Amino acid sequence: FPFPYTPYRIQEQFMEALYGALEAGRVGIFESPTGTGKSLSLICGALSWLRDWEEKRRQEEARLLALGAGGQDRLSPQQARPGSADTAGQPDWVTAFVQKKEERDKVDRLKEEQIRRKKREDRLEKIRHNVQLKYAAKRKRCEEDEAKRLLQLSKEALSQGAGEGVLDQLDHHEEELILAEYESDDEKKVVSGLEQEDDDDDLEEEHVTKIYYCSRTHSQLSQFVREVQRSPFGKDTRLVSLGSRQNLCVNEAVRRLGALQLINDRCMEMQKNKYEKKSDEENEGKKRRVSHTVCPFYSYEQMQFLRDEVLVEVKDIEQLVSLGRETKACPYYGSRFAIPAAQLVVLPYQMLLHEPTRNAAGIKLKDQVVIIDEAHNLIDTITCIHSAEVSGSQLCCAHSQLSQYMERYRKRLKAKNLMYIKQILYLLEQFVAVLGGNVNQNPGCQAVSQTGTVLKSINDFLFQSQIDNINLFKVQRYCEKSLISRKLFGFVERYGGPASAVKTNKENQKLAGLQNFLLTLQQGSDKEGSPQNPPMEAEQDQLRTASPLMQIEGFLSALTNANQDGRVILNRQGTVGQSSLKFLLLNPAVHFAKVVEECRAVIIAGGTMQPVADFREQLLCCAGVDPARIVEFSCGHVIPPENILPIILCSGPSNQQLEFTYQTRDLPQMMDETGRILCNLCNVIPGGVVCFFPSYEYEKQVYGHWEKTGLLSRLAAKKKIFQEPKKANQVEQVLVEYAKCIKRCSQTGGQMTGALLLSVVGGKMSEGINFSDDLGRCVIMVGMPYPNIRSPELQEKMTWLDKTMPRADVQAPSRVLIENLCMKAVNQSIGRAIRHQRDFASILLLDHRYARPAIFNKLPQWIRERTQVKPAFGSAFAELRKVRTPCMLCP
């Protein structure tokens with residue numbers, strides 16, 4: 001395998017196993033700890049296979065073309081026998097004729113494909129080596145810009161002093177808020193930018209065999225692309241990075257909308273305007289002049305140029321956006337045009353796992369390879385993507401907005417639009433009624449008589465809501481095609497905001513109710529917001545208040561799932577505004593099945609994949625994957641065995657048994673014992689110590705107890721204490737201060753030896769944060785972070801698993817789920833400390849239950865094989881004292 005340096009033995013094993021899985025068309029679960037060069041192993045192993053696969057295919061094509069050119073009509077041994085007949089009873093000459101025709105057709109197809117490929121390669125080669133082409137394209141753009149500017153000046157000069165007629169006393173900006181005529185439910189040819197361009201001959205290029213690489217975040221994808229650039233494949237790989245419009249849009253007017261759904265809808269509307277422009281120009285003589293804004297970056301010619309630039313040189317998303325601004329071409333659509341010819345497509349896995357998004361992006365999985373990296377939370381991600389929640393406030397607000405919209409534009413809307421709007425209004429009324437409220441009253445003032453949580457099957461919910469007679473598939477399609485939520489947002493933006501100056505004519509007086517209602521809603525939600533919910537990000541807050549219909553569309557879409565695959569949760573709390581309806585997906589495999597069916601091979605990879613039983617049983621087997629097709633690979637770490645010291649501690653310094661169950665962890669003696677352990681460790685461990693608690697509430701409780709007993713001041717004498725913040729925007733600041741403190745202590749010496757960071761399992765610092773070197777010389781896990789089994793969602797999932805999954809050994813599937821969720825969280829947290837070959841750290845698991853075989857075996861192999869179980873604190877402390885000096889651990 002080509003590699004930028006001499007690979008570790010485990011990297012060679014990883015690449016060999018990966019190559020074998022891709023060649024055999026397997027579904028692989030690959031685990032390689034962080035710090036072992038997993039990304040490079042994936043790149044070099046997968047692209048080596050792709051290079052060899054392309055070479056084999058070229059040789060096979062050459063052989064078939066040579067046969068076709070020689071005019072040799074070869075028959076199979078069975079056909080060569082005189083008087084033979086095939087299994088269908090056809091004479092041999094008929095079978096031979098059919099086979100010859102198929103061979104001729106295949107040769108013709110190969111010739112066409114070869115011509116297309118040669119044309120593409122020549123074009124890219126020309127762009128790669130001819131700098132003048134780039135300058136010529138840039139000069140042409142400048143000329144076009146100048147021509148447009150002069151044309152605009154001419155139009156302005158002509159229009160000065162000339163008044164324009166307006167119909168129905170609506171200004172031209174308000175015309176954009178009117179819904180276009182909705183022709184038919186079964187109409188397939190809807191005018192949209194993407195569908196129009198798909199008909200272009202130049203885009204009918206065959207999708208070459210490619211690898212789709214997915215990861216969780218934008219930064220992880222950028223990091224992967226930089227690894228490709230540094231790899232031996234960086235110069236000659238056709239790579240394209242995909243992202244959302246939020247990341248790729250270069251139209252500042254659209255970017256300023258902020259929320260992803262608003263950006264999507266506005267972009268789609270502008271593409272639609274592009275194709276309606278001609279008909280508007282033809283009707284220029286009419287009185288009405290409609291204002292249709294068209295995106296200046298949606299230039300097909302410039303997007304073709306951007307596509308070729310992307311294929312010539314590997315670029316990450318930031319470089320793609322810069323190129324889009326420079327070329328005045330849309331990176332979002334330009335990158336999608338590059339998909340057919342690309343060999344490696346890099347994208348967020350939400351885009352690949354959601355079928356409508358996948359189809360809209362032009363991603364074709366048939367016979368392709370998919371690699372899903374950072375896949376430890378893949379099941380949760382699929383569940384989250386296909387679940388949806390709406391509050392009573394959102395339902396009432398959407399009903400009010402839509403009613404006002406319908407009243408204002410009733411005379412301008414076509415019959416079909418009115419019919420669907422009335423259906424949506426009826427749905428909203430029924431949803432609020434199910435929560436025990438009235439849609440026409442302020443949700444913040446309506447008390448719910450019967451509080452509590454009720455779970456329903458989809459069918460039962462539809463019957464109870466009395467909406468089983470409405471075709472939700474048609475309503476969903478109408479919402480998508482009509483862009484009603486976008487129109488409604490524009491309407492509310494214009495008339496609903498407190499800053500908007502509403503005119504005083506009769507029509508606008510009707511809208512005062514909407515404005516006042518929105519204000520009361522906003523004030524009500526500020527005062528009466530549920531304390532259970534985490535603080536919302538500003539963007540989500542904007543979406544919930546300004547455009548609740550967008551959220552509701554997601555809920556309607558979720559209700560179209562099969563009855564057995566999900567549940568609807570009716571959560572009635574205090575007031576109607578605080579109550580909510582939630583769709584919970586129980587079977588994520590139904591949405592993953594198509595991926596594994598269509599793809600040649602699927603690789604699910606991560607630094608910590610243990611325990612893998614969830615992936616194998618809940619995801620792959622439920623998706624219909626043959627167990628023989630599944631392959632598992634797990635490798636050790638590159639660090640020497642003496643560089644890591646994992647200890648399971650069963651009791652503390654005063655011989656108090658460590659068992660942090662929900663019943664015992666609140667006892668003063670348990671909190672005191674935890675404090676004593678930390679005090680002893682902070683005395684001997686240099687640098688940074690990271691301590692993980694099961695929840696924010698427990699961390700706060702322990703911290704408060706230590707303050708009262710004086711234990712906190714003893715800890716603070718040795719380590720400066722930091723706490724994980726609840727708000728995401730404060731995490732960076734805490735980490736910077738934590739790192740500065742450790743560096744300062746290591747340089748100055750003195751009594752203070754570093755810092756102690758109190759973190760939370762599943763919080764902001766348990767994933768994606770590197771506590772390498774002195775930032776994490778010891779990681780402590782307080783107790784076992786079992787999920788809250790009293791949660792209705794989890795109880796329903798457990799019931800569903802017990803009904804549908806086979807019993808594993810002596811344990812019920814629901815019990816296995818609880819343990820797996822706990823250990824996945826533990827494994828993610830303790831893996832934060834060892835980040836590279838020369839790193840070293842100790843790991844302390846405070847709970848005797850970790851020593852139980854069922855739990856112990858779910859630790860990552862590279863940690864498990866080095867773990868010591870210590871019944872008493874004394875022997876554990878002796879081991880930890882040995883490793884206090886870095887020089888003893890460095891290789």
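## Close-up views of a predicted chain

**Figure 1. Overall organisation of the chain.** Among contacts (heavy atoms within 4.5 Å) in the chain between residues at least 6 apart in sequence, 81% join residues at least 24 apart. The structure is a predicted model, in which local features need pLDDT of at least 70 and side-chain atom pairs count only at pLDDT 80 or more, while totals for chains, interfaces and linings use all residues. Residues are numbered from 1 along each chain as its sequence is written, and side-chain values use heavy atoms, with hydrogens and water left out. The chain contains 36 helices and 18 strands; helices (H or I, at least four residues) and strands (E, at least two) are DSSP runs, numbered from the N terminus. Of its 891 residues, 51% count as buried. Buried denotes under 20% relative accessible area, exposed over 50%, and partly exposed in between, with a 1.4 Å probe and protein chains only.

**Figure 2. The largest nonpolar core, viewed around Leu378.** A nonpolar core is a set of buried Ala, Val, Leu, Ile, Met, Phe, Trp, Tyr and Cys residues joined through side-chain atoms within 4.5 Å. The largest such core has 70 residues, and those with the most contacts inside it are Leu378 and Phe592. Apart from this core lies another, of 52 residues, which includes Leu179, Tyr409, Ile467 and Val576. When neighbours within four places in sequence are left aside, Leu378 is in contact with Leu353, Ile372, Phe592, Ile604, Phe615 and Leu619.

**Figure 3. Helix α16 and the elements that surround its buried residues.** In α16, the residues Leu378, Ile379, Thr381, Ile382 and Thr383 are buried. The buried residues of α16 pack against the helices α14 (349–353), α26 (589–598) and α27, and against β5, β9 (575–585) and β10. Glu374 lies in the loop between β5 (369–372) and α16 (378–385). This Glu374 has a positive phi of about 50 degrees, although it is not a glycine.

**Figure 4. Backbone geometry in two further loops.** Gln610 and Pro611 are joined by a cis peptide bond, with omega about -10 degrees. Pro611 is located in the loop between β10 (601–606) and α27 (613–621). Leu483 occupies the loop between α20 (472–482) and α21 (484–495). Leu483 is not a glycine, yet has a positive phi of about 55 degrees. Leu483 is also buried, with a relative accessible area of 11%.

Figure 5. On a 1 Å grid over the protein atoms alone, a cavity is a set of points where a 1.4 Å probe fits but cannot get out, and lining residues have an atom within 4 Å of a point. Grid points are joined across faces, edges and corners, and a volume is the space filled by probe spheres set on the points. A search of the whole structure finds six cavities of 30 Å³ or more. The largest cavity has a volume of about 110 Å³. It is lined by 14 residues, of which Cys249, Cys267, Gln271, Cys295 and Cys330 are the closest to its centre. Helices α10 (260–282) and α13 (331–337) each supply at least two residues of this lining, and the largest share, three residues, comes from α10. The lining of the largest cavity divides into 11 nonpolar, two polar and one charged residue; Ala, Val, Leu, Ile, Met, Phe, Trp, Tyr, Cys and Pro count as nonpolar, Asp, Glu, Lys and Arg as charged, and the others, Gly among them, as polar.

**Figure 6. Selected salt bridges.** A salt bridge is a side-chain nitrogen of Lys or Arg within 4 Å of a carboxyl oxygen of Asp or Glu; by this rule the count comes to 23. Glu673 and Arg676 form one of these, at 2.4 Å from N to O. Both residues lie in helix α28 (residues 668–684), three residues apart, about one turn of the helix. Glu673 is buried, with a relative accessible area of 0%, whereas Arg676 counts as partly exposed at 32% relative accessibility. In the bridge between Glu16 and Arg9, the closest N and O atoms are 3.9 Å apart. Glu16 is partly exposed at 44% relative accessible area, and Arg9 is partly exposed at 47%.

How values were computed
1 Å grid on protein atoms, 1.4 Å probe; cavity = no way out; pocket = protein on both sides within 12 Å on 5 of 7 lines; lining within 4 Å.
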